[in-house]
Amino acid sequence: MLFNPRSIVGKVDNVMMKMNDKGIDIAAICETWLKDNNSPTTATIKSHGYSILHDYRKNQVGGGIALIYKASISLVPIPCPVRASTFEYIVATLKSVTGTKIMFLVVYRPGNMSTSFNSELDCLISELLMKCDCLVLAGD
């Protein structure tokens, strides 16, 4: 599931209810508007049996991306291998029961389209494809 709530802060219960009702194990979230790692919002996510990996904008309002996933899943964050100026992103991997390395990439492109967006995204995807068996890309 990909969701852009334009601030998950006041909508976290609805997002978690939808994830539980639909049996969603992993969700990509754009525009979280979270301000720190530990907040009432992240606590609510955890109280529903999920974990969260997220990157928030420090000293800015808006933006931010996250992966919300069932706490029973072992999702490992990957350090960002490419510096991007035209979008925000977060990357994490998991190994399937068959040993397949699955990588999740969540991208959020704020504002107007920049001419360097395509080349930056291409560079990132090329780098990540060398490190996984399957790449799941979600974003807006």
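Leu124 touches Pro81, Val82, Phe87, Tyr89 and Leu105, leaving aside residues up to four places away in sequence; contact means heavy atoms within 4.5 Å. This is a predicted model, in which local features need pLDDT of at least 70, side-chain atom pairs count only at pLDDT 80 or more, and totals for chains, interfaces and linings use all residues. Residues are numbered from 1 along each chain as its sequence is written, and side-chain values use heavy atoms, with hydrogens and water left out.

**Leu124**
- Leu124 lies in helix H3 (residues 117-129); helices (H or I, at least four residues) and strands (E, at least two) are DSSP runs, numbered from the N terminus.
- Leu124 is buried, with a relative accessible area of 0%; buried means under 20% relative accessible area, exposed over 50%, partly exposed in between (1.4 Å probe, protein chains only).
- Between the C-alpha atoms of Leu124 and Leu105, 19 residues apart along the chain, the separation is 9.7 Å.

**Helix H1**
- Val12, Val15, Met16 and Met19 are buried in H1 (residues 12-22).
- Seen down the H1 axis, the buried residues fall within an arc of 95 degrees, so they line one face of the helix; the arc is that of the directions from the helix axis to the C-beta atoms.
- These buried residues pack against strands E1 (2-3), E2 (26-30), E3 (50-55) and E4 (65-70), and against helix H2 (40-47).
- Exposed Asn14, Asp21 and Lys22 sit on the face turned away from the buried side of H1.

**Whole chain**
- The chain has 3 helices and 8 strands, in the order β-α-β-α-β-β-β-β-β-α-β.
- Of its 140 residues, 44% count as buried.
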